[in-house]
Amino acid sequence: MQVKLRDPNVIMKLSRLGSFHQSKLSFLRSFLEEFKDWEYKKNLFDLDKEGFGIAIYSFKKKDRVYSLICFANKINNNERSDRVIATKWDAAFTLYDGVPSKLDIERLKNEVPKQEVGRLSYKELTLSRANKSLRVFDYVVENLSNGTQPDLNLLSQVGYLYRTTAVYGSGKFGLADRFRIKNREEINGPFRLEMMLVYLVRQFTFDQVNHIAKSKNPKHAVKLDPKICKSLGIGNSTGLGMAPFIVNHPTLLNNWILCREKALKKIREIRKVEKNKINLFTNSLKNSVRNITSWITKSEYQLKKIKFLLSDVKKTINYLETKFSFDIEYPFNEIYLWLEKETCDECIEYIVSMMMEPFDEIVKPLVSEMSSEEERYFNIPTDRTIEDLRNIIEKRYPNIIEIDFDKKENIKNFWFISKNKEEPRYSDRFKEQGSELEQPLAIARDIKKLYEKLIVSKNSLTIDKFLSRYSNLRHVVRRAFIIEKFPYSEIQDNTIAENVVPIDMLRLKLSFFGALKFDPRSDKWLRICMFQGAPLPEGLKNYDQQWVYNP
Amino acid sequence: MGLQSLKMKSLSEIETTSKRASKAAGYSWGISEEVGKGIRLMELFGLAGIKNLSEYFKSKIQNKFENLNLINDNNKTEKYPYCPIIFGISFLDQVKTLEKLDKIRLDNIAYPFLVLPFLSRSSEIIGKKIHYKFDDHEFLLNFNVKISSKILSDKYPIIAKNIEIIFLENKDNFSETEWKSLYKLSEETFVEESESLKKGAAGAGLTDND
C-alpha cells in the first residue's frame, strides 16, 4: 500500500504547526544518541562558597574536544530578567572548540558574561546565559545543606533549576560560522552543538547546587539524588527571535517537516507490526499521560489545548484497548485515519510523534536528512516564464492567494528588528510607528502581490524581464521557486493577520529541538523545558531510549 | 592564534549586515539578499567586499548612478557611472542570454569590484569561466569556486573605464596524457566493492544534502 505524504496546505497551517510535539527526530534526542559514547569530563570546578566562579565540562572523542566554559556570577534579585534586553545573568556559557588555554579563559571571562555586547571568536561555537529559578534554587540548596532531599512536588511544578534566555550559534557575535563545523563527522544534523551546550549546562546546575549546599554545611549536606536530577531539565524562555528563523530558512524548514512526514508515511505503510513494537508504542503512549497531567501553565490558550489533548489521548488509549486490533493489516494507517476523524490537531501530532518510537530503522536514516545546503537553492531560475511561476503559486499557495489583503485585519501586524537589541519584534501597524521598516516576513501578503502582477503579465515573459520591472518582489519570486521543489518550506498562513498566534511559530521550532511543556506567557513568548527526564552524563552509555515518557 | 583573528567578523555577520545596509541604501529586500550573499562570497575569497560596499553606499549619498536593467553587448552610460549592484543583478538574471554575446562592454561603472560576486555566481549558472577586465585589473571567475586576480593591492578604483567581460569556452588546463597519468595514480586509493559493502554503505540510497 502506498500512503501519500500529508498535504502541505493542511500541515503547514500555523494552528497545526503550533500543535507539534517532540519526537525521535528532535535534535536533543539525536544529540544524546550521537554523543552517547563520547568521553564526558568535568575538567574544572572553581567556584567559591556561594557558587560563583568558573567551571569547565567537556565531551571528547579521539582528537575532538568540545568544552563548555561556565561563568557563574553574582547578581541582585531585581537584575534577573527573562527578557532578551537583560544585561546580567546568574551564569553565562560558551562552548569552546577544543581545550581552552588560560589565555582563552581570561579573554572569555571578559566577553561571555556580556553576551550580545561581548565579542566572541571562531574558536567559540555557541553562547548562552541562564538565570536561576528563584522558586526552587535556594529551596533545593537549603534542603540539601540540611541533609534532606527537596520536595518532588515543588520541583515538578518548575522542572528545572536554571532557565536559559537565549542560545546563540552560527556566527552570531563573532562565533564560528556554520561552515566551520558542518562537515565534521559527528555533526549529523542541525543544532547539535546548541544541544550540547544546554545539556552540559544542566549538569552544571546540579553540580553548583550540590557545591553550595556542601559549602554551607560541610558535615550534614547531601547531594541531590540522581533520580531527582534526572527528573529535572533546563528551562528556556523564548521570544519572537525564533520566528523569523523558520521563515528565513525555507529549505531547512522543509527538511525538518519532510522527514517527519516521511517517517509517518513509512510507518503507515507497514503491513504487519511486530508484537514488541506494538508494546513499545502502547506503553510509551500510556506512560506519556503523566507528561500531560504534569504540564503546568497559566495560559488559557495552552490550558484549553492541554485539556483537549488529555481527553483525546485517553480516548485514543481506550480505542486501542477496546475497539482496535493490531492484527489487522496496516494498523498504524488505520490508527492515523481514526485520529484524523476523532481527535484534535494537538492529539494527532502527539500520536504521530509517538508512532516513531518503535521504528529506529525508519527514523535513524531520516535524522541525517534534516540539514540543508541553503545556498544551493538561492539562485532564481530567471530563464523560466511567468506561466511557470503562476502555476507554482496556484499549486503551492492555493489558500494564500484567496486572502483579501485590502482588509485591515489581514495586514494588522508587521515584523521589525528593534534598534536597541537588534531582535525581531511584532507589532500593530496601525498603532505603532515603524511599519515602513517592515522586515520581509509577510510572505503571504507579498506572494499575493506577486500573483496579482503575474496574472496581468504575458505568459511567455521570462523571469529576468519581470524582475527588472518588479525588483520589490524578488524575495518572493525566489521563495516561489524554492517551494516548487520543497513543498513544506512555507507556512501556509498569513503571519501578519490580526488573529495570528506568533507562539505557534516558536512551538514548531521548539518541538524539533525536543522541548517539552510549552508554557505560553503571552502570545509572543513562552517557557519550555529541555532534557527533563534525560539521562545524566554518567548514564549516557546505556540509557532508556524512551526516557521522555518514562521519567 | 593572533588577536586579530579573534576579532574577525563571522561570515554570517558580514552577510546580515550587508543585506540590511543594502535595504537601508534603498534596494529591495530581494536585491539586498543578493548583495548579502555577494559580499559574504567576496570576503570568503579574501576580497574587500565590505570596504567597497561601505564606500559605495557613502558615495551614493552625494553622487548619482545609472541603473543598467537590460544589458547589451555594448553599454554606454548617459551621464553617470553604472550602479555596480543593479548591473550585477541584471547580469546574474540575464546571463543565459548574455553568454551568447561572447563579450560585453561597459563604458563606465562605479566600484567595479562589487560586480565580482555576481559574475562569479553567473559563471556557475552557465558552467563557463568568465574573464572580467577593467583598467589594469583582470579576474578569472571560475564556476563560483575561485576568483583569480593579477592584482591584489589595497587600492580599489572608484571609477573604471573601458570594461570588458569575456566568456571563456570550457577547456581543460592539461593534456589527456597528463590526465590519464594522474587518474591511474588515483585508482590506487579505490577499494574494490564487494556486495556486502554495497549494501551496507553509509547513507546508501539516501540524499546527503549536508
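**Exercise 1. Work out how A:R390 and A:E394 are placed relative to each other along helix 16 of chain A.**

Step 1. Start with the sequence positions: A:R390 and A:E394 sit four residues apart in helix 16 (residues 386-396) of chain A, which means they are separated by about one helical turn. Helices here are DSSP runs of H or I with at least four residues, strands are runs of E with at least two, and both are numbered from the N terminus.

Step 2. Now look at the side chains. A:R390 and A:E394 form a salt bridge, with 3.8 Å between the closest N and O atoms. The term requires a side-chain nitrogen of Lys or Arg within 4 Å of a carboxyl oxygen of Asp or Glu.

Step 3. Finish with accessibility: A:R390 is buried at a relative accessible area of 16%, while A:E394 is partly exposed at 35%. Buried means under 20% relative accessible area, exposed means over 50%, and partly exposed lies in between (1.4 Å probe, protein chains only).

A note before you go on: this is a predicted model, in which local features need pLDDT of at least 70 and side-chain atom pairs count only at pLDDT 80 or more, whereas totals for chains, interfaces and linings use all residues. Residues are numbered from 1 along each chain as its sequence is written, chains are lettered from A and ligands numbered from 1 in the order in which they are written, and side-chain values use heavy atoms, leaving out hydrogens and water.

**Exercise 2. Find which parts of chain A are linked by the salt bridge of A:E340 and A:R16.**

Step 1. Check the contact: the side chains of A:E340 and A:R16 meet in a salt bridge at 3.8 Å, N to O.

Step 2. Widen the view. A:R16 and A:E340 are members of a salt-bridge network that also includes A:R6, A:R260, A:E261, A:D345 and A:E349. Over all chains, the count comes to 56 salt bridges.

**Exercise 3. Decide whether B:E99 and B:K128 are buried or exposed, and say which parts of chain B they tie together.**

Step 1. The closest N and O atoms of B:E99 and B:K128 are 3.2 Å apart, in a salt bridge.

Step 2. B:E99 lies in the loop between helix 5 (84-98) and strand 2 (103-110) of chain B, and B:K128 in the loop between helix 6 (116-126) and strand 3 (129-134), so the pair ties together parts 29 residues apart in sequence.

Step 3. Both are buried: B:E99 has a relative accessible area of 18%, and B:K128 has 15%.

**Exercise 4. Classify the aromatic pair of A:Y162 and A:F204, then that of A:F281 and A:F332.**

Step 1. A pair of aromatic rings is described by the distance of the centres and the angle of the planes. Rings of Phe, Tyr and Trp (its six-membered ring) pair if their centres lie within 6.5 Å; planes under 30 degrees apart are stacked, over 60 edge-to-face, and the rest tilted. The whole structure has 48 such pairs over all chains.

Step 2. The ring centres of A:Y162 and A:F204 are 6.4 Å apart and the planes stand at 70 degrees, so the pair is edge-to-face.

Step 3. A:F281 is in helix 11 and A:F332 in helix 13 (residues 331-342) of chain A, 51 residues apart. A:F281 counts as buried at 0% relative accessibility, and A:F332 is buried at 0% too.

**Exercise 5. Describe the lining of the largest cavity.**

Step 1. On a 1 Å grid over the protein atoms alone, a cavity is a set of points where a 1.4 Å probe fits but cannot get out, and lining residues have an atom within 4 Å of a point. Grid points are joined across faces, edges and corners, and the volume is the space filled by probe spheres set on the points.

Step 2. The largest cavity has a volume of about 130 Å³. Its lining has 14 residues, with A:H21, A:N291, A:W295, A:Y350 and A:L516 nearest the centre.

Step 3. Helix 11 (275-293), helix 14 (345-355) and strand 10 (516-520) of chain A each supply at least two lining residues.

Conventions:
1 Å grid on protein atoms, 1.4 Å probe; cavity = no way out; pocket = protein on both sides within 12 Å on 5 of 7 lines; lining within 4 Å.
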